[in-house]
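I opened a new page in my notebook today. Here is what I looked up, one entry at a time.

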Amino acid sequence: MISLVTGPEVAFWMLAPVMILAAIGMVLVRKAVHSALLLATVMICLAVQYAALDAPFLFAVQIIVYTGAILMLFLFVLMLVGVDASDSLVETIRGQRLLASIAFIAFGVLLLAAVGNATFGHPTGLGDAQPDGNPKAIAALLFGKYVWAFEVTSALLITAAMGAMMLAHRERLTKKRTQRDHAEERIRKYAEQGIHPGPLPTPGVLARHNAVDTPALLPDGSIAPTSVSRVLQARGTVFPETEERADVDEVRKLDAGDDYDEGEKP
């Protein structure tokens, strides 16, 4: 008789190929941001597997802590600091290939043992393993049987965080510039190079269009070319100056009353 397919089995066979492909892509892609996004895909699929196996606590921890906090922190660091995509072929750690091979073999043995235990073992079931619920069972293991390993891991993480802070810290070599120093520099540049000391006019000011590609108008009606980004100017996407001047002339005529009679609306 064919046994019924359960929900966890459906979730496993649907998400396992996605997880495998994402894990392979995480190793093969060249950009670190893409690798982190693929790792997020693996973590989310793993969280769904936990939910399908009636482990709500692990599901919440996987989403909130790992996917939502740690991995997003990695992404923010990668986007802010930037990572070079080129690979260095110089080994900075002696024997790292040998250590990596030993770690790979140990991981393979551990994976085979886990699969063999799940296939040929005699599971007791979630009801007998955690009669008081999933959170209480995990708390009993963490703060009971594995409390020493849990505390050592916490100490290692704190030590790693402190070490990263010490390595990233650097002493200031120059005096910190004050607001007065910045103001004096702006006035000096204005006197020597003619650079305006104040903020540049924003796009769309005193114009008919409030858009970033529309140059601002100065009080005398002339166009301020510095109000539009140089990137837009290089791309040629700035609102045409001829049309802008035509709009200015039209507005001036309307203000002067040249284009309409007294009984005609502007």
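**Burial and overall layout**

I began with burial: 15% of the 266 residues of the protein chain count as buried, where buried means under 20% relative accessible area, exposed over 50% and partly exposed in between (1.4 Å probe, protein chains only). I am looking at a predicted model, where local features need pLDDT of at least 70, side-chain atom pairs count only at pLDDT 80 or more, and totals for chains, interfaces and linings use all residues. Residues are numbered from 1 along each chain as its sequence is written, and side-chain values use heavy atoms, with hydrogens and water left out.

Next I looked up the elements and found 10 helices and 2 strands in the protein chain. Helices (H or I, at least four residues) and strands (E, at least two) are DSSP runs, numbered from the N terminus. I wrote down their order from the N terminus as α-α-α-α-α-α-α-α-β-β-α-α.

Is Gln49 buried or exposed? I found Gln49 in helix α2, which covers residues 32-52. Gln49 is buried because its relative accessible area is 10%. Leaving aside neighbours within four places in sequence, its contacts (heavy atoms within 4.5 Å) are Pro8, Ala11, Phe12, Leu15, Ala16 and Met19.

Then I turned to Ala52, also in helix α2. Its relative accessible area is 21%, so Ala52 counts as partly exposed. Not counting residues up to four places away in sequence, Ala52 touches Pro8 and Ala11. I also noted that Ala52 and Gly7 are 45 residues apart along the chain, with 6.6 Å between their C-alpha atoms.
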